[in-house]
Amino acid sequence: MLNTNLYYQERNPSPTQQLWRHFSANLAAMIALSFLALGLLVMLFSPWLAPYDANQQFAQALSIPPSWTEPGDMRFILGTDDIGRDLLSRIITGMRYSLGYPLVIVLVAAIVGITIGAFAGITRGLRASALNHLLDVLLSIPSLLLALVVIAILGPGLENAVIATTLVLIPQFVHSVRNSFHDEWNKDYVIASRLNGCPTWYLMLRVIMPNITPMIVMQITSALSIAILDIAALGFLGLGVQAPAPEWGTMLARSLDQVYLSPWSMILPGMALFVLVLCVNVVGDSLRTAIKERTEN
Amino acid sequence: MIRYTLRRFLLFLFTLWLLTIVTFSLGFLFPEFKHSDPTVGSYLAYLSAILHGDWGVSMSTGQDVTEQLWIHLGATIELSFLAMLLSLVVAIPLGILAAMNQRSMFDRWVVSAAMTGYSIPVFWLAQLLILLFAVHYDWFAITGQITPLYDIPTRTGAVLVDVMLSDSANASLAFWDAVNHMVLPVIVLAMMPLTMLIRIMRDATLDVLDKNYIKAARARGLSELKLMRRHALPNAMQPLIRQLGLQFSVLMTNALLTEVIFNRLGIGSWLVKSIYERDYPVLQSGLLVFASFILLINLLVELYHAWRYPQVRQELYAEY
Amino acid sequence: MYLLDIRNLSIEMTSPKGKRVKILDKVNLRVHAGEIHSVVGESGSGKSLLAKAILGFINPRWTVTADRLWWNGKDLLSLTPKQRRQVSGRDMAMIFQNPNSYLDPNSTVGEQLAEAIPAGDVRGTFLRRRVDRRTRVKRLLHRVGVRDHEGIMESYPFELSEGIAQKVSIAMAVAHRPKLLIADEPTTAMESSTRGQIYKLLARLSYLQDMSVLLITQDIGSIIPESQHVTMLYCGQLMESGPKDAILNNPRHPYTDSMIRMSMQRLDDLPHKSRLPTLPGSIPTLEHMPIGCRLGPRCPKARKECVQVPRVSKHEQHSFHCHFPLAEDDS
């Protein structure tokens with residue numbers, strides 16, 4: 001066969017390609033990533049995928065165990081809860097609350113937090129120092145507690161839980177973006193660009209941003225895992241998503257009384273939550289490892 | 001070090017002061033709860049009331065908040081310290097062993113177990129453990145601190161201490177009953193910091209073992225045991241100690257959930273209950289104490305860190 | 001007899017793209033007892049690797065082969081790793097380029113020096129031992145030219161200047177009276193006055209303790225004046241080796257010649273817009289090592305024969321690997 005590549009040329013992959021190479025070499029990371037993608041698809045198509053309406057009650061089918069057990073029923077693959085609602089439909093529909101809302105929350109928090117953080121990162125003096133201390137205080141208070149305070153003021157409910165979680169996540173973004181901007185700002189390549197007379201917006205967007213993007217993606221995954229857990233925890237405490245909605249944390253709270261009678265109604269939603277968080281964490285962790293490997297080579 | 005301590009302490013006081021402003025203004029954000037107008041005068045009155053230990057009266061039970069506060073705080077301190085202790089005792093050796101046998105089966109097992117444990121939602125883990133150990137095996141009790149039959153008077157809130165202080169005839173039985181009540185909450189609570197600390201300890205040990213001074217000490221012919229004890233371990237502990245404050249905050253979040261699930265006395269469950277009942281004096285003071293407690297722990301950890309690792313102080317000075 | 005006698009030492013590794021590369025290719029090195037021997041090579045010449053091979057700290061995935069790797073008449077390659085470590089821990093020591101990273105950041109200099117003193121040296125009963133250890137540490141610090149022993153002993157490594165840190169690490173290295181001290185670019189990135197101090201110190205210690213010093217440097221212009229022998233490395237191959245005066249005044253290898261010209265040349269003596277007297281091209285990467293004499297593509301004297309590895313030519317103690325050496329009285 002004719003070889004058209006006449007000249008041997010060594011091509012070094014771009015940093016992003018290198019990152020992807022390290023990342024995709026990790027089997028667990030790829031599995032977690034594809035699970036997440038699957039979860040996203042299921043969430044988007046949940047109205048068509050769920051066999052029944054999430055709140056439809058089957059009076060003749062109360063507390064039916066999953067279909068693979070002896071008394072199970074093929075109509076209800078994952079069984080039903082104590083008032084006859086299909087668990088599979090509830091878990092699929094609940095994805096909107098347990099994955100969809102956290103995604104929106106993280107997106108909003110990231111946009112706001114990164115903007116504030118970027119500007120905070122390049123300011124100096126008293127204002128920066130004051131902001132720094134304020135952030136340290138905010139960060140030392142657990143996110144769930146802060147969310148509880150916000151909810152205590154606004155009152156329980158889905159919207160308020162979403163607002164609370166968003167507000168709570170913003171300081172984390174501000175903090176990490178501020179720190180990395182601060183670190184990069186004094187590196188030689190940025191100083192060189194500054195001496196070249198690049199305008200500040202160019203420095204921020206085109207010089208520094210590409211170098212901290214992996215860090216931001218990592219921060220986003222960790223924020224996503226926090227958001228998922230906090231929304232579920234608030235639902236569990238009865239302070240977030242309210243009862244009939246099929247949010248996983250709320251389902252777990254309900255199953256607290258049912259643990260003796262129908263353990264599956266506790267195990268299955270919890271399992272879904274666990275797998276989701278695990279996937280997000282594995283992706284974030286593998287990303288961290290990949291970044292570390294890339295910088296080491 | 002004195003300068004550093006003073007500066008850190010002043011910052012802590014400043015933070016506490018900020019916190020009182022927040023809790024004070026909280027009073028005006030609640031629709032139903034307006035004791036006075038938000039003026040400087042009323043804030044000063046609030047501040048002096050707090051400083052004099054007059055924290056108001058609960059709206060739902062009519063009890064004095066100050067008294068209740070110490071009991072609940074005692075219970076939370078007991079639970080969280082035991083959990084932290086458990087996670088440290090398990091995490092440090094596991095992390096070191098995993099790092100020393102990097103890429104072995106043991107290492108892989110520990111790392112993936114830590115990842116899994118880190119991702120389990122606390123409230124689900126609690127339910128699973130209840131299902132297994134309380135419902136299925138009936139080994140451990142799951143609600144409250146102690147069986148009410150023992151009739152132990154609550155003094156400090158920390159139930160083990162209370163049992164020891166009491167002059168009950170069945171003190172030793174009561175003690176084991178209290179321990180029995182405590183096993184599951186402590187395990188659940190320890191899980192999150194435990195898994196985090198394993199990862200931190202493993203990474204730190206790997207990092208330190210790769211350092212030049214370790215290689216140099218090894219080249220000088222220092223024995224492996226001495227090397228670990230004198231150089232590797234103290235240096236690997238540094239990131240762990242730095243992270244300890246943060247881990248404690250995480251643990252306190254989970255304490256909130258754990259206390260609710262296991263129906264235990266504690267500042268977390270007290271706080272959540274006050275939110276349900278819109279019991280604002282309790283909410284206000286519970287929040288203040290909960291947050292100050294976390295800040296205090298963070299302060300202590302930071303001071304210890306700076307005292308033990310002098311080069312940290314230098315970095316801190318250089319920054320300002 | 002030589003203290004250290006190395007013949008045809010090769011180290012082979014697998015490059016990231018799966019190619020076998022010899023990072024050291026048949027290197028010879030001989031060090032007498034008590035002499036100062038300089039090894040000169042640019043980055044990537046494998047000079048630090050040579051030091052590590054002598055100490056026995058080679059990545060276990062790399063293969064080390066040698067016709068002879070003798071220490072004091074003993075074959076080091078036949079020892080088990082543990083015995084090897086014993087020998088190098090007892091008889092050898094090494095100091096490095098950035099001394100601060102070789103000191104434990106979280107314990108004081110005094111503690112670390114005390115630890116470096118062999119337990120057998122300390123005399124007395126339990127309480128006396130502490131005192132004795134302390135006086136030994138003081139003496140050690142004085143020996144390396146640190147006068148303010150009290151202050152230095154209480155300091156943490158991050159509080160030391162580079163020069164002092166290097167002196168401390170020399171003190172730690174010579175605490176157990178090694179027969180060979182390997183100094184891996186100990187003065188790179190140091191001010192020239194500090195460099196002079198360190199060199200004087202090394203020379204004095206070598207003289208007083210009858211200790212050989214293997215000094216590794218990048219630049220032939222900065223080799224220690226007291227060194228008796230010089231060895232030139234390029235890309236893992238031995239270029240030239242011999243007594244210092246012979247190498248400096250009468251280099252036989254084109255590489256040595258150009259290195260000397262480069263470093264001895266005063267740049268303001270060059271005519272306006274003339275070329276720098278460097279070798280053309282740049283140091284090849286690991287992936288693209290030339291066959292034969294690795295200097296080949298850059299050598300001004302290279303011819304067809306240079307695709308074969310040249311045999312060694314010897315002239316008394318002066319040996320060089322080149323097909324077309326410079327004439328004996330060329331320079």
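This is a predicted model: local features need pLDDT of at least 70, side-chain atom pairs count only at pLDDT 80 or more; totals for chains, interfaces and linings use all residues.
Local features need pLDDT of at least 70 and side-chain atom pairs count only at pLDDT 80 or more, while totals for chains, interfaces and linings use all residues. Residues are numbered from 1 along each chain as its sequence is written, with chains lettered from A in the order in which they are written.

**Exercise 1.** Find out whether helix α6 of chain C is enclosed, and by what.

*Solution.* Start with the element: α6(C) covers residues 162-174, where helices are DSSP runs (H or I, at least four residues) and strands likewise (E, at least two), numbered from the N terminus. Next, count burial (20 or more other C-beta atoms within 10 Å of a residue's own, C-beta atoms being placed from the backbone). Twelve of the 13 residues are buried, so α6(C) is largely enclosed by the rest of the structure; among them are G163(C), K167(C) and V174(C). Finally, look for the partners: the buried residues pack against elements of chain C including β7 (92-95), α4 (126-143) and α7 (192-209).

**Exercise 2.** Describe the side of chain A that touches chain B.

**Exercise 3.** Now take the side of chain C that touches chain B.

*Solution.* Here 19 residues of chain C contact 14 of chain B. Both α2 (81-91) and α3 of chain C supply at least two residues each, and the largest share, five residues, comes from α2(C).

Technical notes. The expected span of a helix is 1.5 Å times one less than its number of residues. Two residues are in contact if their C-beta atoms, placed from the backbone, lie within 7 Å.
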